[in-house]
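Please look over the sequence and the model first, and then turn to the points below.

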Amino acid sequence: MHLFRGFGIALDIRKLLVCLCGLALFAGGNSLLDGFADEPAVSGVEARFSMMPQLPASLADWRQSVSQAEAVLLEPLRTLFGPLLTLLGYAGAEASRGIAAARLVWGLLVWSFVGAAVIRMARHDVARGERGNLAGAVRFARRHTVSLLAAPLLPALTVAFLLVLMTLVGLVGRIPGVGTMIVGAIWFVPLLVAAAQVLVVVGLIIGWPLMIATVSVEDADAFEGFSRAFSYVFSRPFYLLWLLGVSAIYGVMVMTVAGLMFTAMSEVARLSVSTGLGDQATAALMDPRSGLPGARMLGAWTAGLGLLLSALAISYIWSQVAMIYSLLRLSVDQVPLDDLVEEPATGVTSDLPLVGVAASEARERQLRQTESTDSSEEPPVVNA
């Protein structure tokens, strides 16, 4: 039943604000990269979906609403896997591969930051039903940016190292006369290394959100994020698949309802305005091709609803990741859901020298601590 709390946790104005900012940053970065690319955004290897999906045409179009909900939920993953597949499978110019790599790094940076901030706030909802602090969550994500990026980099480097080893095996095969015979005799080595690569890649793909959750919930570094995520993925694989499946089905259901709610808002607004403006004039106003001055502005409001729907989907994904991580932690490490790891308390002036009254008070506290320590170390007086 804990998984069904995810949508309520995601429906928080602070989380939605973080996700909206993340969408704006992601779109802005990709727009800049479009200026250096031969083709705009991600295309070719997978279907391209807009970050601002159009609303369903009518309330009766359930199939379109469900398809839209699926597309919105998959969009963050698509923005990462699209550049990755392009980077690995594209055989064109070096500049195109460079753009794909830049898109991948930018996507990882934006979604890791957004995920960390949302999970940092959601952990309070999961543990105690309290709302987390927005400013503190953003500061936390900013301070841990390096760990958030380095956590998935560790398994990626492992795969690259294994690939280098297999390249060396291939070079052995170039030895005249006996090279191919040696490679054939030790072919079990490439098979074992390939099995290790597959396991690492599977752990990376499934465990990346858990790496972000580990850093955010545990205040951990990159290595702990990587190791704990892999531990949860491979120690409870079927339980994790069950959690992911239930979350996906529940997510499609709630996002379908949200899309229909937005459609209802648009339809009620149109019908209400048409009672005074008229049906034909209202239809022309809602048609962006009509050329009316207000049509473009009305289209912007409609696109804003689609953007809000995307932000809600992203907030749901990361809030559900926080819940899944907490349930896995309970299953593997027997850590209760209400356990919260707080950051070490630090003074406001920890990064600056103390001056004035603050410096005097600090010296007095230090002097009292020194005196109490000296008095406790004095040997007891023994009466004759």
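The model is a predicted one. Its largest pocket has a volume of about 1,400 Å³, and its largest cavity has a volume of about 40 Å³. Among the helix pairs, H6 and H8 are roughly antiparallel to each other, H2 is roughly perpendicular to H12, and H6 is oblique to H9.

**The largest pocket**

- A total of 42 residues line the largest pocket, and those nearest its centre are Leu 77, Phe 81, Leu 204, Ile 205 and Trp 208.
- Six helices each supply at least two residues of this lining: H3 (62–89), H4, H6 (145–172), H8 (188–218), H10 (237–277) and H12.
- Helix H3 gives the most to the lining of the largest pocket, with 10 residues.
- By class, the lining of the largest pocket has 38 nonpolar residues, three polar residues and one charged residue.

**The cavities**

- The count of cavities of 30 Å³ or more comes to two.
- The lining of the largest cavity is formed by Arg 123, Val 126, Ala 127, Val 217, Ser 326, Arg 329, Leu 337, Asp 339 and Leu 340.
- Helices H4 (94–128) and H12 (293–333) each supply at least two residues of that lining.
- Helix H4 gives the most to the lining of the largest cavity, with three residues.
- The lining residues of the largest cavity divide into five nonpolar, one polar and three charged.

**Helix H6 against helix H8**

- The axes of H6 and H8 come within 9 Å and cross at roughly 175 degrees.
- Angles over 145 degrees count as roughly antiparallel, and H6 and H8 are therefore described in that way.
- On the H6 side, the residues in contact include Ser 147, Leu 148, Ala 151, Pro 152 and Pro 155.
- On the H8 side, they include Val 200, Val 201, Leu 204 and Trp 208.
- By class, the contact of H6 with H8 has 20 nonpolar residues, three polar residues and no charged residues.

**Helix H6 against helix H9**

- Helix H6 and helix H9 (residues 222–235) pack at an angle of about 55 degrees, with their axes 8 Å apart.
- This angle makes H6 oblique to H9.
- The crossing of H6 and H9 is right-handed.
- Helix H6 makes the contact through Ser 147, Ala 150, Ala 151, Leu 154 and Pro 155, while H9 contributes Ala 222, Phe 223, Phe 226 and Phe 230.
- The residues of the contact between H6 and H9 divide into eight nonpolar, one polar and no charged.

**Helix H2 against helix H12**

- The axes of H2 (residues 13–34) and H12 come within 8 Å, and the two cross at roughly 115 degrees.
- Helices H2 and H12 form a right-handed crossing.
- Helix H2 takes part through Lys 15, Leu 16, Cys 19, Leu 20 and Leu 23.
- Helix H12 takes part through Leu 307, Leu 308, Ser 310, Ala 311, Leu 312, Ile 314, Ser 315 and Ser 319.
- By class, the contact of H2 with H12 has nine nonpolar residues, three polar residues and one charged residue.

Methods:
Residues numbered from 1 in each chain as written. Predicted model: local features only at pLDDT ≥ 70, side-chain atom pairs only at ≥ 80, totals over all residues. Heavy atoms only, no water. 1 Å grid on protein atoms, 1.4 Å probe; cavity = no way out; pocket = protein on both sides within 12 Å on 5 of 7 lines; lining within 4 Å. Points joined across faces, edges and corners; volume = space filled by probe spheres on them. Helix = DSSP H or I, 4+ residues; strand = E, 2+ residues; numbered from the N terminus. Nonpolar A, V, L, I, M, F, W, Y, C, P; charged D, E, K, R; others polar. Axes fitted to C-alpha atoms, helices over the stretch in contact; angles between N-to-C directions. Parallel < 35°, antiparallel > 145°, perpendicular 65-115°, else oblique. Left-handed = near helix turned anticlockwise from the far one by under 90°. Contact = heavy atoms within 4.5 Å.
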